[in-house]
Amino acid sequence: MIDELLKKENFTQEDLSILLQSGKEDSNKIFTHAAKIKAEQVGKKVYYRGLIEMSNICSKNCYYCGIRKGNQEAKRYDIIDQDILDAAKYAYQSKYGSLVLQAGEISTPKFTKRISRLLKQIKELSNNELGITISLGEQPDEVYQEWFDAGAHRYLLRIESSNPDLYYKIHPRDKKHDFDNRLNCLKSLQRTGYQTGTGVMIGLPFQTYDDLAGDLLFMKNFDIDMCGMGPYIEHEDTPLYQYKHLLKPIDERFRLSLKMIALLRIVMKDINIAAATALQAIDPIGREKAIKVGANVIMPNITPGMYRDSYKLYENKPCTDENASDCTNCLEVRIGITGDEIGYGEWGDSVHFAKRINH
Ligand code: SF4
């Protein structure tokens, strides 16, 4: 049955739900199929995005997040601009090709201007050579435009769950956490011209296989260019922690995440898919396993070491006590083992995006 299903061109939610529930042998068939599609469509190359978690100050209160505004236990930080620029220089000199600027969600004119300034400075210090992805949450259209004009060309805004019922189980039901606004922001990003990425959490309490199958179809119907998704890892200082007893065992959430990545590669053949850091928090070679089954982007954390421990959206975050170059060295060896090569100095833009805008 699985062989027949995998031959299909268009999958229904039911097909995907069945595939997500497959056992070990069938999962291996899914993984092999996804790896073949990846090699054919985007090649056996992995692109780096040096990740700078510039601040863990956030104005929102997502129920699953360790740096939510309401968590009094979180030690807050905001990296000074010079340290951010030094990290960007490090990414450039290490031929990472691109970086990701990520922070909690702040919407003030001061923050907007600061990001615009940083984007221009990063472009300048890298001779326009570093590609820049930003992940700074929901913002008005004009802010997205200003940052695009300042040099960012990819934006990651995770939907977390495309089922509104589940969305409101993991977010407060209020104006600041409005599902429709999130969708509108994703549309605005596409309109502005960004390579637009989204993603979901896998293994949430209350989440069903049908929800996850729906997430895959959501990404396809939305015509996204990139995806970053990974397992939900509970954080003790969050409201969602009270539902810990509803969770699947962590290794099951991990396997389910690999299946989601593989199925997304099968459903959306030419997009960029990141091997999320959360995979590594569960399995030391979790990201490399994701690369083998369809992912083609990795985000080495280059946040200056002294801040890294404080950017905890979830617990057991890996590499928080190492400096950036330790991370680079260990990654190179691990990626070599997957049989893929690293696209040093390349942007590695989404092939799907190029086709989408020329369509
Ligand atoms: S998930 Fe993002 S927006 Fe929500 S509380 Fe955490 S950092 Fe803020």
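**Pockets, cavities and a central question of terms**

Me: Which residues line the second largest pocket, and what makes a residue part of a lining?

Reply: The second largest pocket is lined by Ser55, Ile57, Asp78, Ile106, Thr108, Lys110, Phe111, Lys113, Arg114 and Arg117. Lining residues have an atom within 4 Å of a grid point, the grid being a 1 Å one over the protein atoms alone, and a pocket is an open set of points with protein on both sides within 12 Å along at least five of seven lines. The model is predicted, so local features need pLDDT of at least 70 and side-chain atom pairs pLDDT 80 or more, whereas totals for chains, interfaces and linings use all residues. Residues are numbered from 1 along each chain as its sequence is written, and side-chain values use heavy atoms, without hydrogens and water.

Me: How much space lies in the second largest pocket, and which element gives the largest share of its lining?

Reply: The space comes to about 200 Å³, and H5, the helix of residues 109–125, gives 5 residues, the largest share of the lining. By class the lining has 3 nonpolar, 2 polar and 5 charged residues.

Me: What is the volume of the largest pocket, and which helix gives the most to its lining?

Reply: The largest pocket has a volume of about 290 Å³, and of its 15 lining residues Ser22, Ser27, Arg255, Leu256 and Lys259 are the closest to its centre. Helix H10 (250–267) and helix H3 (24–41) each supply at least two lining residues, with H10 giving the most, 6 residues.

Me: What makes a space a cavity rather than a pocket, and how many cavities are counted?

Reply: A cavity is a set of points where a 1.4 Å probe fits but cannot get out, and by this rule there are 3 of 30 Å³ or more. The second largest cavity, of about 130 Å³, has Arg49, Val100 and Thr133 among its lining residues.

Me: Why is strand S2 called mostly covered?

Reply: Buried means under 20% relative accessible area (over 50% is exposed, in between partly exposed; 1.4 Å probe, protein chains only), and 6 of the 6 residues of S2 (98–103) are buried, so the strand is mostly covered. Ser98, Val100 and Gln102 point one way from S2, and Leu99, Leu101 and Ala103 the other way.

Me: How do you know that S2 pairs with S1 and S3?

Reply: Pairing requires at least two DSSP bridges between two strands. S2 has 6 bridges with strand S1 (residues 45–55) and 5 with strand S3 (residues 131–135), therefore both count as pairs, each in the parallel sense.

Terms used. Grid points are joined across faces, edges and corners, and a volume is the space filled by probe spheres set on the points. Helices (H or I, at least four residues) and strands (E, at least two) are DSSP runs, numbered from the N terminus. A crossover is right-handed if, with the strands pointing away from the viewer, the path from the first strand over the helix to the second runs clockwise. Ala, Val, Leu, Ile, Met, Phe, Trp, Tyr, Cys and Pro count as nonpolar, Asp, Glu, Lys and Arg as charged, and the others, Gly among them, as polar.
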